[in-house]
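Please look through the sequence and the model first, then read the sections in order.

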Amino acid sequence: MSIFKSKAAAAEEKKPITLSSEHVPLSYRIKKDLQRNWLIYVMLIPVLLYYIIFKFGPMFGLYISFIDYKPAKGIFGSKFVGLKWFKSFFSDYYFGRLLINTVRIAVADLMTFPLPVILALLINELKSKKFSKTAQTLLYVPHFISTVVICGIVITLTSSTGAITEVLHNLFGIKEQALLNNPSNFLPIYILTELWQTLGWNSIIYLSALSGIDQELYDAAKVDGANRWQQCLHVTLPGIAPTIVIMLILKMGKIFNVGYERVMLLYNPAIYNTADVINTYVYRKGLIDAQFSYSTAVGMFNCLVSFALVMITNKISQKVNGSGLW
């Protein structure tokens, strides 16, 4: 019996000692991880460099909004003025107009958020694969056309002699004049132009999410007697709900950064009172009037509001659905 115990004890002594992850030094774990995944980290370097150079690097320029920047004196040679430019913007004659226009266009744009989801659901219900692929191709094509070209087409179609103007004149007796010279026409034209260019492309991510739903859930719903509408309501929508929430949070972050390129290409001085937004105002003040500090302060205010909206939306999503962007 004693001989048996001694052999068992010897076998136990020969077993390698394994440490839990809590007892392994951090430096050792990092070293092993680098040895195992070094190729992945090498591939990550260009991405990190991109964000450091083009995203975090320019943030240093926000300091210009707190100084009276003079290019000849440089950033550190210019006089520090604190919140002067922010106060100037808040007391500016155009502040109210810019804020109202930005919010109005942003809210109208936000109201179109469900449309890509609905389009994805409709495409997903198509039985003919050939027709489905053709429809998707036609819907995706406008995304690959330059915004300048898209806006040029829209301006031509809505000019005093444009096709859309002619149709509206013949059907409803509307006066033949450039539609974009009327301030009340800018918002619907802007929204329709954006939908034309982005609706099909934005539906791709929802189609991808739909393909990840377990088909057995639909089979179970059919067994329970659910019709197509009930399957969509109780299986499809809950299945893509996390994707919808994430896309909504991301869209809220861009709500104040309404497509200023599209706005600048469509608007003109005759409709500034309804078309001028914060981003276009920053462009005019910064690049045309060379008021660098003032325009930087306005842009920083816009970014802070967008950041606050993302934080609030994410918090609400976590409280309501239990999921968020982080």
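## The largest pocket

The largest pocket has a volume of about 1,100 Å³. This value, like the others in the report, was computed from a predicted model. The lining of the largest pocket is made up of 30 residues. Those that lie nearest its centre are Leu-62, Asn-257, Gly-299, Met-300 and Cys-303.

Helix 2 (26-56), helix 12 (228-253), helix 15 (278-288) and helix 16 (292-320) each supply at least two residues. Helix 16 provides the largest share, with 11 residues.

## The loop between helix 15 and helix 16

Ala-290 is found in the loop between helix 15 and helix 16. Although Ala-290 is not a glycine, its phi is positive, at about 60°. Ala-290 has a relative accessibility of 42%, so it counts as partly exposed.

## Strands 1 and 2

Strand 1 (residues 67-70) and strand 2 run antiparallel and are joined by 3 bridges. The link from strand 1 to strand 2 is a hairpin through 3 residues. Across the pair, Ile-67 stands opposite Phe-80 in strand 2.

Ser-78 is part of strand 2, which covers residues 74-80. Is Ser-78 buried or exposed? With a relative accessibility of 8%, Ser-78 counts as buried, because the cut-off for buried is under 20%. The side chain of Ser-78 reaches two backbone atoms: the nitrogen of Lys-70 at 3.0 Å and the oxygen of Gly-74 at 2.6 Å. When neighbours within four places in sequence are left aside, Ser-78 is in contact with Ile-67, Asp-68, Tyr-69, Lys-70 and Lys-73.

## Helix 5 and its packing

Which residues of helix 5 (residues 114-124) are buried? They are Pro-116, Val-117, Leu-119, Ala-120, Leu-121 and Ile-123. These buried residues pack against four helices, namely helix 6 (129-140), helix 9 (186-202), helix 10 (204-211) and helix 12.

## Leu-265 and its contacts

Leu-265 belongs to helix 13 (residues 260-266). Its relative accessibility is 31%, so Leu-265 counts as partly exposed. Not counting residues up to four places away in sequence, Leu-265 touches Thr-147, Val-148, Cys-151 and Ile-155.

Leu-265 and Ile-150 are 115 residues apart along the chain, and their C-alpha atoms are separated by 9.6 Å. One of the residues that Leu-265 touches, Cys-151, is buried, with a relative accessible area of 1%.

## Cysteines

How many disulfides does the structure hold? The number is 0. In general terms, a disulfide is a covalent bond between the sulfur atoms of two cysteines. Here, a pair of cysteine sulfur atoms would have to lie within 2.5 Å to be counted.

Cys-303 is one of the residues nearest the centre of the largest pocket.

Note on methods: Residues numbered from 1 in each chain as written. Predicted model: local features only at pLDDT ≥ 70, side-chain atom pairs only at ≥ 80, totals over all residues. Heavy atoms only, no water. Buried < 20%, exposed > 50% of the residue type's maximum accessible area, 1.4 Å probe, protein only. Polar contact = N/O pair within 3.5 Å; in protein donor to acceptor, adjacent residues only side chain to side chain. Contact = heavy atoms within 4.5 Å. Pairing = 2+ DSSP bridges. 1 Å grid on protein atoms, 1.4 Å probe; cavity = no way out; pocket = protein on both sides within 12 Å on 5 of 7 lines; lining within 4 Å. Points joined across faces, edges and corners; volume = space filled by probe spheres on them.
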